[in-house]
Amino acid sequence: MIRLHRFAPEVCPAYLLVYLSLSRTTEWIKSRSEKTTVPSISKADLQALPVHLPAWSEQKRIAGALGALDEQIARHLEVARAATQVHKELAEQLVGLVALQGPTAPSSVDTFPERTSR
């Protein structure tokens, strides 16, 4: 966890967050961090991180586009979580209803319906 503040006027904080989240950036940081129980990096090492800064308006555009995708991903994950919960509850109800109707186990494996691929 890193807390950064007091950005230069030419740095868009949202862009910097995206930049710091890139796999190549995190690998750069990891390669320079102290290998202790809780890895850490010195302020001097972090200041040596090469950061490509396009014009402020471009930083803002990039951060905005990726932020919109983050919001869309979050909505999709919420839909998936809700669908998973509905599936779980419906399975419990449907299987529970079948179980209440008494034993209906097939007498042999051959009585299971064929499964078709979609």
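**View 1. The largest nonpolar core of this predicted model has seven residues.** Val-11, Leu-16, Leu-20, Trp-28, Ile-29, Leu-46 and Leu-49 make up the set. A nonpolar core here is a set of buried Ala, Val, Leu, Ile, Met, Phe, Trp, Tyr and Cys residues joined through side-chain atoms within 4.5 Å. Buried stands for under 20% relative accessible area and exposed for over 50%, with partly exposed in between (1.4 Å probe, protein chains only). Helices are DSSP runs of H or I with at least four residues, numbered from the N terminus.

**View 2. Here's Leu-46 and its contacts.** Skipping neighbours within four places in sequence, Leu-46 touches Ile-2, Leu-4, Ile-29 and Ile-41. Contact is heavy atoms within 4.5 Å.

**View 3. Helix H1 has a buried side and a face turned away from it.** Tyr-15, Leu-16, Tyr-19 and Leu-20 are the buried residues in H1. They sit on the same side of H1 because they cover an arc of only 135 degrees around the axis; the arc is taken over the directions from the helix axis to the C-beta atoms. H2 and helix H4 (56–100) are what these buried residues pack against. On the face turned away you'll find the exposed Leu-17 and Ser-21.

**View 4. Zooming in on Ser-21, in helix H1.** Ser-21 counts as exposed because its relative accessibility is 52%. A polar atom of the Ser-21 side chain lies 2.8 Å from the backbone oxygen of Leu-17. For such polar contacts, the cut-off is a pair of N or O atoms within 3.5 Å; within protein, one must be able to donate a hydrogen and the other to accept it, and residues adjacent in sequence count only if both atoms are side-chain atoms.

**View 5. Now helix H2, with Thr-25, Trp-28 and Ile-29 buried.** Down the axis of H2, its buried residues fall within an arc of 95 degrees, so they line one face of the helix. Their packing partners are H1 and helix H3 (43–47). Ser-23 and Arg-24 are exposed on the face turned away.

**View 6. Last stop: Gln-59, in helix H4.** With 0% relative accessibility, Gln-59 counts as buried. Its side chain reaches the backbone nitrogen of Cys-12 at 2.8 Å. Beyond neighbours within four places in sequence, the contacts of Gln-59 include Glu-10, Val-11, Tyr-15 and Pro-54.

**Notes.** Residues are numbered from 1 along each chain as its sequence is written, and side-chain values use heavy atoms, leaving out hydrogens and water. Since this is a predicted model, local features need pLDDT of at least 70 and side-chain atom pairs count only at pLDDT 80 or more, while totals for chains, interfaces and linings use all residues.

Key. Helix = DSSP H or I, 4+ residues; strand = E, 2+ residues; numbered from the N terminus.
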